[in-house]
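Work through the exercises below with the model open. Each task is followed by a stepwise solution.

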Amino acid sequence: MILLCGGIPFLWNLSGQISGRAGFGPEYEIVQSLVFLLLATLFSAVTGLPWSLYNTFVIEEKHGFNQQTLGFFFKDAIKKFIVTQCILLPVTSLLLYIIKIGGDYFFIYAWLFTLVVSLVLVTIYADYIAPLFDKFIPLPEGELKQQIETMAKSIDFPLTKVYVVEGSKRSSHSNAYFYGFFKNKRIVLFDTLLEDYSALNKEPAEGEDGENEQTKSKTKNKKQGCKNEEVLAVLGHELGHWKLGHTVKNIIISQMNSFLCFFLFAVLIGRKELFAAFGFYDTQPTLIGLMIIFQFIFSPYNEVLSFCLTVLSRRFEFQADAFAKELGKAKDLYSALIKLNKDNLGFPVSDWIFSMWHYSHPPLLERLQALKDAKQE
């Protein structure tokens, strides 16, 4: 409907009127582009809000995952929008400026700029951005922390810190990941992954019955999470991705694709018929060119690429499972996968064509079958 009704040129002209009233004429294309981007993301956030509310307070609520209040949800949404704009607008303005002054080889400079930005964001996300939304606390000293450090040391993983994030205040879904470059790796565990730490497993303190009644009624799966041995098996799988170079391979593939896209953008940006097809007959704004080419022209290519990356991701998941198996964690990973599937209410049976196209992780039964022989041994 947006394409058919000319929504993109309408929003661009509206952005020009707004920037013009602020004293920035048509020659200030970057300013108009930033106004356009702000309006477009605001429109996207507002129109996406009903679906997000339905997903959180109807679907997730129905199955006992949602732990948010309506006030927390809107506060979170506003915070996400502000943080996104604080990153998106400066990065976009610099990218447009580089394209404008880059000459014939602007696509190389644009690619290098996006590479640096992505590496910086990966580096600072967990330390400075994620804590704006969730509380991160160091994993207390104890048996689990000692076992994690021992396992990391056994495979030369340069672990510096282990954190627990209070994911249970937002959702009862569980997760674990690691981040950091070179010799500064950190592991993050969701409290919902840990049977001993999950707030959903704890009884309300005396005098808090009324406050926690709603949360108790939502919690369908008592004793959520995994035991320490199972948590170690899950981490063994995650560390397998690092040891086998999956993270580096994904970065390389992503950057090769990014370079190819910028190169093709440089080839196509001069084609006026592309702009005319989307309602831009007299002007060819760079930001609109980026949107048309990256979002629409590349759409068939992106579908094929997505399928290939999905196939590769499933292959990586099997390899990471096999790595955990080599660490002697097959039995614990087997039981952990069943628990996590149960906690997240995953459906164990999948149509093979649907899963082949959509699932970045192999279906549960295929992963269990791959682990079964080692488990029996």
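A salt bridge here is a side-chain nitrogen of Lys or Arg within 4 Å of a carboxyl oxygen of Asp or Glu. The model is predicted.

**Exercise 1. Apply the salt-bridge rule to glutamate 141 and lysine 145, then classify the exposure of both residues.**

Step 1. Take the N to O distance between the two side chains: 2.9 Å. The cut-off is 4 Å. The pair of glutamate 141 and lysine 145 is therefore a salt bridge, because 2.9 Å lies within that limit.

Step 2. Side chains of opposite charge can pair when their charged atoms come close.

Step 3. Classify the partners. Buried means under 20% relative accessible area, and exposed means over 50%. Glutamate 141 has 67%, so it counts as exposed. Lysine 145 has 15%, so it counts as buried.

**Exercise 2. How many salt bridges does a search of the whole structure find? Describe the pairs arginine 271 with glutamate 273 and arginine 367 with aspartate 321.**

Step 1. The search of the whole structure gives six salt bridges.

Step 2. Arginine 271 and glutamate 273 meet through their side chains at 2.8 Å, N to O. Arginine 271 has a relative accessible area of 43%, so it is partly exposed. Glutamate 273 is partly exposed too, at 44%.

Step 3. Arginine 367 and aspartate 321 form a salt bridge with an N to O distance of 2.9 Å. This pair links distant parts of the chain, 46 residues apart. Arginine 367 sits in helix H14 (residues 364–376), and aspartate 321 in helix H11 (residues 299–326).

Step 4. Check burial for this pair. Arginine 367 is at 9% relative accessibility, so it counts as buried. Aspartate 321 is at 3%, so it is buried as well.

**Exercise 3. Characterise the interface between domain 1 and domain 2.**

Step 1. Domain 1 covers 133–198 and domain 2 covers 237–376. Their centres, taken over C-alpha atoms, are 24 Å apart.

Step 2. Count the contacts. On the domain 1 side 14 residues take part, and they touch eleven residues of domain 2.

Step 3. Take the buried area. It is about 1100 Å², with 70% coming from carbon and sulfur atoms. Met151, Ile155 and Phe178 supply 47% of what domain 1 buries against domain 2, more than any other three residues.

Step 4. Look for polar links. One residue pair is in polar contact, with both residues at pLDDT 80 or more.

Step 5. Assign the domain 1 side to its elements. Helix H5 (143–154), strand E3 (176–179) and strand E4 (185–190) each supply at least two residues. By class, that side has nine nonpolar, two polar and three charged residues.

**Exercise 4. Is histidine 241 buried or exposed, and which residues surround it?**

Step 1. Locate the residue. Histidine 241 is found in helix H7 (residues 228–243).

Step 2. Apply the burial cut-off. Histidine 241 has 11% relative accessibility, so it counts as buried.

Step 3. Find the polar partner. The side chains of histidine 241 and histidine 237 are joined by a polar contact of 3.2 Å.

Step 4. List the contacts, leaving aside neighbours within four places in sequence. Histidine 241 then touches His246, Thr247, Phe316, Glu317 and Ala320.

Terms used. Residues are numbered from 1 along each chain as its sequence is written. Side-chain values use heavy atoms; hydrogens and water are left out. Domain bounds come from an automatic or database domain assignment. Contact means heavy atoms within 4.5 Å. Buried area is the accessible area (1.4 Å probe) that two parts lose on being put together, summed over both. A polar contact is a pair of N or O atoms within 3.5 Å; within protein, one must be able to donate a hydrogen and the other to accept it, and residues adjacent in sequence count only if both atoms are side-chain atoms. Helices (H or I, at least four residues) and strands (E, at least two) are DSSP runs, numbered from the N terminus. Ala, Val, Leu, Ile, Met, Phe, Trp, Tyr, Cys and Pro count as nonpolar, Asp, Glu, Lys and Arg as charged, and the others, Gly among them, as polar. Buried means under 20% relative accessible area, exposed over 50%, partly exposed in between (1.4 Å probe, protein chains only).
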